[in-house]
Every structure is written in C-alpha cells, then in structure tokens.
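Take a look at it before reading on.

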Amino acid sequence: MQCFCNDAIAAPAYHRDASALRMTLALILAAFIAGHAIAIRLGSFLGIFALMALWEALSPRRHRSMTRRARWTGNLGLVIMNSLLLRLILPAAAVGAAAFATAHGWGLLALAHLSAGATVVIAVVALDLTIYFQHVMLHAVPILWRLHRVHHADLDLDVTTGLRFHPFEILLSLLIKLAAIVLLGAPVVSVVIFEVLLNATSMFNHGNVRLPAAADRLLRWLIVTPDMHRVHHSIEEDETNSNFGFNLPWWDRLFGTYRPQPRAGHEAMTLGIRTFRRPRVCAWLPGMLAIPFIGGAAGYTINRRSWGPPA
Ligand SMILES: [Zn+2]
C-alpha cells in the first residue's frame, strides 16, 4: 500500500488518472460479477446448452445408440432434481465462503500480496487443479466410484452427460470446493468465473460434436476438447482412467494421465461402464439414482479390473 502511494505521488497526473480509472473499472466489474452471480451462471448455462445442442444436431460426432428423448428425459430429470435440491441453494455457499475468507484475510493467496488480477487467475487455476485431483479420487476410491458411476453409466455422450451427476457427488464436490476456497482465500470473482467456466466446459467437452482434427489438436493445448474427454468415457478401464481434466488439459499431461485417442476410434468405441448396459438402469431416473447401490465396487480401483455380470 505504501509502495503504491509513493508511486502514485511520483507518477504524472495522467498516469495516476489512468491507473485510478483502471482500478475503478476492475472494481465495478468485480462488484457486477459478484452481485449478479446467479444470473450470470444461469444465462451462461442456458446459452451454452442451446449452442451445444444445436451443434450436436447439425454436426454429430457419433451415431446415437438411443434416442435423445429417451436419454434426455433421465439426464435432464436428474439435472432438475439436483437444481431443486442443491444447485440453487449451494452455489451461494461457495460465493459466501469466498467473501468471508477474503474479508478476514484468510488463505495462501492473502500471504502472497499479489495484484487483484493475478490473484483471480491463480485462484481459478488452483481450483481447476483441485477438481482434477477430486476427479482422480472419484475413480480411485471404491465408495466414491459408486457415486461417480452415475455420470459414467450414460450409454451415449452429449451435452446432457456433462450435467448428469448424483446429488451426493455434487454435495461432495461442494465440500471440497469450500475447503479449497478457504485454504486459498479465493476472491468471490474467481469463484464465480470458475463455476461458470466449469459448467460451460463440462457441457462443451461432453458434446457429441465434430471438430476439425487440426482445430482439436490446437485447442487441446488450451482446453479439454470433446475428443479428449470422450476417451475418459470409454468402456475400457485403462481409457476411463485417463483424461481426468475438465477445464485445463495440462494436468493430465503433467501427471501422466493423458491419452490422446481411444484404441477403437471415436466412432467405433463403446461408451459407458461394462457392468451397466441396460437403458432401464442407465437412462431411467430411478435406475440412475440406484446405480451407487447396485453390485460391487471394491474390485474397481485405478489399475484393477473386475467385471461382474451386467446389471
Ligand atoms: Zn470420470
């Protein structure tokens, strides 16, 4: 603070005006994002959903094994149920935790004394890394894999798969996110940006959409693309246990879980889980909610294979 005041006094008047204007604009933007968090989240959700659904209709990557109507009834039914139960109430908890932590000067970022912009960028990247490790954990711990199976049991992959999670998994992610926000001292703006990004990229990377190969190659250095994430939804466990990233593709490359393409190719590969093949279980809402309680999961951890009879 001292340093900033001295600089401001030494700087020419126009420089001071420009930096004061920049700071005011940044504050207005931050206040707008924080104050309109729900509207921004909902607007981006509906906009990206509509765009992806249109893209899937115009240029699908794979033939569907089931009709959209059959799968979307279950997938969107789960989304509506989760929204009523959790999504409308709980996102406020993440924003509230961020406001509380920063107001009290809590967290690692408060110790670093970085600029506001750098703090937001680092917080978003750190939250993304947290989600990567959370996702690895969901696959590695048998009881958590039971929950995460609801997402993976989808027999096709499209924009709605990116929203299809068991309510307990959403609750668990929220608790982990709250801990990460407090530990980091993540600013409110970074939390809103992260949540909007995660929701948008999840719908994008689960999309049944065709991207030119060159665009996919280039884009997957910056963001997880649909072809990259489809490998993760393969029925082959070694392929399922790769490409855990949701936003940034770097974590998989850094931690050795990156796999560029499925062995069978994108059109011929089988999606879903070997032991869950019946639409009545995989695409019907009561069946989906029962998935965590069906069969065993102890045989499934990373690097282990155990196939029982199909449910
Ligand atoms: Zn997964």
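Residues are numbered from 1 along each chain as its sequence is written.

First, confidence. pLDDT is the predictor's own confidence in each residue, from 0 to 100. Its mean over the protein is 86, and 87% of the residues reach 70 or more. Residues 1-9 stay under 50, and the model has one contact beyond four places in sequence for them. (Two residues are in contact if their C-beta atoms, placed from the backbone, lie within 7 Å.) Where pLDDT is low, the predicted coordinates should not be read in detail.

Now for α8. Helices here are DSSP runs (H or I, at least four residues), numbered from the N terminus. A residue is buried if 20 or more other C-beta atoms lie within 10 Å of its own, exposed if 12 or fewer, and partly exposed in between. Eight of the 11 residues of α8 (residues 142-152) are buried, so the rest of the structure largely encloses this helix. Among those buried are W145, R146 and H152. The helices they pack against are in the table.

| Partner of α8's buried residues | Residues |
|---|---|
| α7 | 116-140 |
| α9 | 167-184 |
| α13 | 237-240 |
| α16 | 285-290 |

How do α7 and α8 meet? Their axes (lines fitted to C-alpha atoms over the stretch in contact, with angles running from 0 to 180 degrees between N-to-C directions) come within 6 Å and cross at roughly 105 degrees. The two helices are therefore roughly perpendicular, a label for angles of 65 to 115 degrees. On the α7 side sit M137, L138 and H139, meeting L144, W145 and H148 of α8.

On to the cores. A nonpolar core is a set of buried Ala, Val, Leu, Ile, Met, Phe, Trp, Tyr and Cys residues joined through C-beta atoms within 7 Å. The largest has 30 residues, and A98, I181, A186 and V191 have the most contacts inside it. Its largest share, six residues, comes from α7. I181 touches A94, A97, A98, A101, A186 and V191, leaving aside neighbours within four places in sequence. Another core, of 12 residues, lies apart and includes L78 and C282.

Lastly, L42 belongs to α3 (residues 37-58). L42 counts as partly exposed because it has 16 C-beta neighbours inside 10 Å.

How values were computed:
Predicted model: local features only at pLDDT ≥ 70, side-chain atom pairs only at ≥ 80, totals over all residues. Parallel < 35°, antiparallel > 145°, perpendicular 65-115°, else oblique.
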